[in-house]
Amino acid sequence: MYDKLSLVLRVETVANDVSFFKHHRRVEHRDGTWEMKDAPLKKSIYSLPQLVELMKAANSRYLDFIAAIEDPSGGIKDLNKISRSVKEDERSYRGFNLFDGDDLELFRAIIRGEFNISGFSNKGLRKVIQGKKGIRCPGFLNDCESMD
C-alpha cells in the first residue's frame with residue numbers, strides 16, 4: 001500500500017508463488033483420466049483470471065480492515081486536554097490522571113449505565129464511589145471518606 005503522488009491511496013498485491021492459492025479446476029492424471037477438484041493455481045497465463053479474482057478479494061478484505069480502524073487523534077486530543085492543569089482566577093485545578101486509582105474510578109463511575117437516563121450528580125457519584133472498598137473520593141466530591 002502506498003500513497004501515489006499524495007493523491008491516491010494505492011493497494012497492490014504481488015504473489016511470487018501462486019501455487020499457494022487453490023482453486024477448483026480440471027486436474028489431469030498421468031494415466032489420462034481427469035477430475036474436477038481444488039488444486040494449486042498454476043503459474044501460467046491460463047490462471048490469470050482466477051489470480052485476478054483472488055488478488056481483488058485479498059485487496060478488498062485489506063481495504064475493509066483498514067476502513068474499520070478508527071482515528072484516535074480526537075480522543076488523544078481530548079485526553080491531553082483533561083489531563084492538563086488549569087489556572088482560573090488565581091486558582092489552579094489539577095488535571096485528571098487515569099493511572100491514579102481515584103481518578104480512574106471516578107471515570108468508571110461516570111460511564112455507568114444508570115446515569116444515562118437522568119445524568120449524574122455529585123450526590124449520585126458519591127453513592128457509587130463510596131460503595132467501593134478502598135476508594136478515596138477526589139477533592140471536589142466533598143463528604144467522601146476513605147473506606148479502608
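**View 1. L54 in helix 1 of the predicted model.** L54 sits in helix 1, residues 48-68; helices (H or I, at least four residues) and strands (E, at least two) are DSSP runs numbered from the N terminus. The model is predicted: local features need pLDDT of at least 70, side-chain atom pairs count only at pLDDT 80 or more, and totals for chains, interfaces and linings use all residues. Residues are numbered from 1 along each chain as its sequence is written, and side-chain values use heavy atoms, without hydrogens and water. With a relative accessible area of 27%, L54 is partly exposed (buried is under 20%, exposed over 50%, partly exposed in between; 1.4 Å probe, protein chains only). Beyond its neighbours within four places in sequence, L54 contacts F21 and L41 (heavy atoms within 4.5 Å).

View 2. A pocket is an open set of points on a 1 Å grid over the protein atoms alone, where a 1.4 Å probe fits, with protein on both sides within 12 Å along at least five of seven lines; lining residues have an atom within 4 Å of a point. The lining consists of H23, R25, R26, E28, K42, Y46, S47 and Q50. Strand 3 (residues 22-28) contributes the most, four residues.

**View 3. Buried residues of helix 3.** D103, E105, L106 and A109 are buried in helix 3, residues 101-110. Helix 4 (122-130) is among the elements covering the buried residues of helix 3.
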